[in-house]
Structure formats: structure tokens, C-alpha cells
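Welcome, and please open your viewer. We will go from stop to stop, with something to select at each one.

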Amino acid sequence: MGHITFIEHSGEQHTTPIEEGKSLMQTAIDNGIPGIDADCGGVCACGTCHVIVDETWIDAVGVANDDEIMMLDLTPEKAKTSRLSCQIKTTAAMNGMIVRLPEFQM
Amino acid sequence: MNSLTNTSDESVATSPIPTMPAVEFIEQPIADVSTVALEDIDVSNPFMFRQNKWQSYFKRLRDECPVHYQKNSPFGPFWSITRFEDIMFVDKNHTLFSSEPVIVIGDRPADYMLDMFIAMDPPKHDVQRQAVQGAVAPKNLAEMEVLIRERTVDVLNDLPVGESFDWVEKVSVELTTRMLATLFDFPYEKRHKLPYWSDLASGSPEMTGGMIQADERVAGITDLMTEFSQLWHTKAAQKAAGEQGGFDLISLMQSNENTKNMVDTPLEFLGNLVLLIVGGNDTTRNSMTGGVDALNEFPQEFVKLKNDPSLIPNMVSEIIRWQTPLAHMRRIATQDVELNGKTIKKGDKVVMWYVSGNRDERVIDNPDQFVIDRDKARNHLSFGFGIHRCMGNRLAEMQLRILWEEILQRFENIEVIDKPKYVQSNFVKGYTELRVKLTAKNH
């Protein structure tokens, strides 16, 4: 079992264990990470579980598909490696991964 | 057809406006749903909310026919989507279900063919929305919070204690009007025109079963266009003179490449103004009233709230679910679609009843109960989902949060002392009057 680190906009860090197959959004919610709202419950329909994947990890995670990009376009904080965490299924290969949270979800 | 297509610098043209035949809905008692044949159920009735029949009608549709076809309503044939998961499916699949040309159940009258980005598909929708969404982005809101709190305090401090007054007029309308004036940088002394225009724009009988007749609407909308054209040109002149543009909605449109000439396409300019005015008005206004109504219907929740004010943010989501201030959004199928055992044909009108999905027992426990510490309260449908999701959701939540924080500082109780009066509409689920009496808090 590996770990993923979430870094809040303020810089505060939280490390969570990986449960393979669980989405990154659910991993964050289940571990009480602040700053993930997940208003739609995890179906790529609201954009409120936005994370910015550390650039060195984007290959392990993959890039957003077209539907996800349309939702990410709704937030002014969209960055090159932005993803919706509900669309990322965690795997053992993500051990050590770092993702950053935006200042706001919207 | 378009009576508002020509504008001069300062005002709209005064070309003759085609006279529409008067359309009027006469209120009749709505039958108990158990006595109505399934195929005859018509949830487009604009008195459904006022007569408090909506819960039983939508429950029957959810249970017996979640994708329901009504073939001859006053708004033409339409499908009703009433379960949470099916609504999510339609809302998400914007390529299967188009938002054009309009997002309410009835079509636009010929003299009211406005274009607004909520009723556009990508890519046009995307560029127009992106031009203005910064005004209500959370970063901007953090700066607005102080101003919103000051105004909320002003309004609450002026309320009479211990005597009957109308919460809708004195609180909900007043606060949302002040907010809108700020978002548009609209002349403050004329701000009371904004909610009037909003009521006109969303209240046409042909579109939502409302009571606004064509002549009144045309006069009001013409005035709106005149005022906003002036505002646009004033701001454009200030910008040309080298003044820094503000962060209001008009300045944002002017400084964006995709919308900087919007004043030259009046139906689009007007449409987007109407969208932003209605979007910022009916919704928050009726949630501000709905919260008071809900806490009176569920007094134990008021006790819970006073014991633990940290529940306010969760309660705000619950108010927005429980109230569902906009009852529906409509789409048009772009191809044949199978949904829950029914075939929706290409070109059919599809109405997503958020007001029903938010009471769907399959997804929400005890959905008719108002529970301020409800688990997953944020997972409601009131803001819609997908690319048309409410742009002002964070502003709405902030306005409601501040209102309740300040109410709890001042008042021990807000007692509803008469039956609420409701808007005639199948779209706006809201109040025209809620008479209350305040009890001051003992400090």
C-alpha cells in the first residue's frame, strides 16, 4: 500500500493511503482532506473536485478527456495538469504522488 | 419578428411591436393525483406549487413513470424527467440534449426572441460564459464579502421587531437587488428596476405559465434595454478615456474579445442581461425566503441551528435543495435516446424537473424533511450539472451564509404568521409574500 500527498493552497500537506481502484476524489473525502467538495458525487458533472497534479506525475495519471476538459474550463484556476479527481482511479503506481488543491472550487 | 433588432447609440428603436394574443392561465383546483390517469398528468400546471400538489404529482411520476410523456399541455408535448439519476444523465449529456433555443418549458413568443448563453450549445456558450464568470468567481467573492455583510446588517437592523411585515419585500428582494446593482455597477438609485425586470422576464404565460402580459413585458424590456445601453456606452466612454475598467459584468464583457461588441447584437445583449438578472434574482431571493419557511415548518431544526451555528454552511445547501428555486430546465433531444425504458425521439422536448429529483427517495433519505445537518447536503440538483451548471452558485451560498450568520446575532425567532403566498409559475418556485414577526435576541 502506497501514499498520495495532497497540498492545500495554503501549503498544508496531508498524506493518505492508497486503496487501489478507489477514485482520488473518494480517497480525499474518506480521509477528510479539506478543499474537495465533489458536489455531483463523482460523475464528472460539477468540477468541484479539481486538483492540479504535480507535473512529474501526470504521465502516471493521464490527461483529462473532452468531457472533463469542458468542466475544468469553468474554473479560472485551471492549469496545464488540472484534473477532476473523481476521474482518477488510484493505483499502486501512484505511490508518492503529489497533487495540489486550487484556492477555490467552483 | 424581432422588434428590438435596431439600436441607436442611446436607445432601442421604436419599430411597431407585433401584438400578441393575450394568453392567460385561470386557476382551477388541481385534482388529487390518485384520481388522474397517468397519461393525463400534466406537471406544467403553473398552480402546482401554490396549491401544494407538486409533491404528490412528482412522487407518482417518479414511482410509476419516471420518464413521462404529456402529449398536449398548454406548452405543447413534452417529456418529464423526474428521478435524480435520469436528470443527471440528461444534464451531463449536452450533445444528446441541446439547450437551444430556450431553457424553460414554453417557447419564446415571437416578439421576445432573446438569445442567452444558458440557451446556447458549445462552442458559443463557452466563450460567452467565460467572458463573465470571473465576476462571480470565488476569488472575487472573497473581496465582496465585507460589502455583502454590511448591507445585510443594514437591512436586518432596519426591520421592525414584534410586528408583522413581509420578509420577501423587506429582506429577500432588498438584499438580492442591492447585490445585482453591485454586480452590474448599475445606478444604485434606480436599482429597484432590476427585480421588476426579472419578474417580467421570467413571468410570461407562454414560457412559464406566469401572469405578465405581452404589453407590460415589452414596455419593461424596452426600458431595460435603454438603461443598459446607456450604462454600456457610459462605461465604454470611460474606458476610451483611459479609465481602468471595473470588475462588474458590463466591464468584463467589454474587455473580452468574444463579447466586446455584444451591444451591437441587441437580442444577444438583452438575452444575456436577462439571464444574469434572473439568475441573480429569483434564485437567491426565494432561497432567502424558503429558509425562513422551512425553519418554521421544522422548528426543531431552528433549535438545532441556534445550538450550533457552525451548521450554517451545511444548512445553506439544504435550503437550496429543499427550496429548489428554479423548478426545471428544458432540453431538446438531438437524436433518439433510450432512457429508463422509453424512447425519446429526436426533436422532442425534455424537461428535467430538478424540484422532483431533489425529492427522489432513491438518492436522498427522507427527502421531504428539512435536515440542516444532512449528510452530503451539497449533492443536490438545484444548480444543475454539466456545462450549464449555475455560474453564481458560490455567490448564492455566500449571500445565504452571511444572512443566517447575521440573523442569529440578532433574532431569537422568526415566526411565520400567515400562509405564504406563491408565485404563479412552473419555473420559478418562489414566494410573493411571507409575513413574519421577529423576536429580538436577549444579549
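How many residues does helix α15 of chain B have, and how far does it reach from its first C-alpha to its last? Select residues 393-410 of chain B: the helix has 18 residues and reaches 26 Å, close to the 26 Å expected at 1.5 Å a residue. (The expected span is 1.5 Å times one less than the number of residues; helices are DSSP runs of H or I with at least four residues, strands are runs of E with at least two, and both are numbered from the N terminus.) Because 15 of its 18 residues are buried, α15(B) is largely enclosed by the rest of the structure. Buried means under 20% relative accessible area, exposed over 50%, and partly exposed in between, with a 1.4 Å probe and protein chains only.

A word on what you are viewing: this is a predicted model, in which local features need pLDDT of at least 70 and side-chain atom pairs count only at pLDDT 80 or more, while totals for chains, interfaces and linings use all residues. Residues are numbered from 1 along each chain as its sequence is written, chains are lettered from A and ligands numbered from 1 in the order in which they are written, and side-chain values use heavy atoms, leaving out hydrogens and water.

Next, select β9 (411-416) of chain B. It is an edge strand, as is β4 (165-166) of chain B, each pairing on one side only. They belong to an open, antiparallel sheet of three strands in the order β4-β12-β9. Strands pair if DSSP finds at least two bridges between them; β9(B) and β12(B), residues 435-440, have five.

Now for the rings. Show F165(B) and W167(B), a tilted aromatic pair with 6.3 Å centre to centre and 35° between the planes. (Rings of Phe, Tyr and Trp, its six-membered ring, pair if their centres lie within 6.5 Å; planes under 30 degrees apart are stacked, over 60 edge-to-face, the rest tilted.) Both F165(B) and W167(B) are buried. Then try Y422(B) and Y431(B): their centres are 5.4 Å apart and their planes at 35°, so this pair is tilted. Y422(B) is partly exposed at 23% relative accessible area, whereas Y431(B) is buried at 3%.

Finally, hop to chain A and select A64(A), in the loop between α2 (58-61) and α3 (66-72). At 15% relative accessibility, A64(A) counts as buried.
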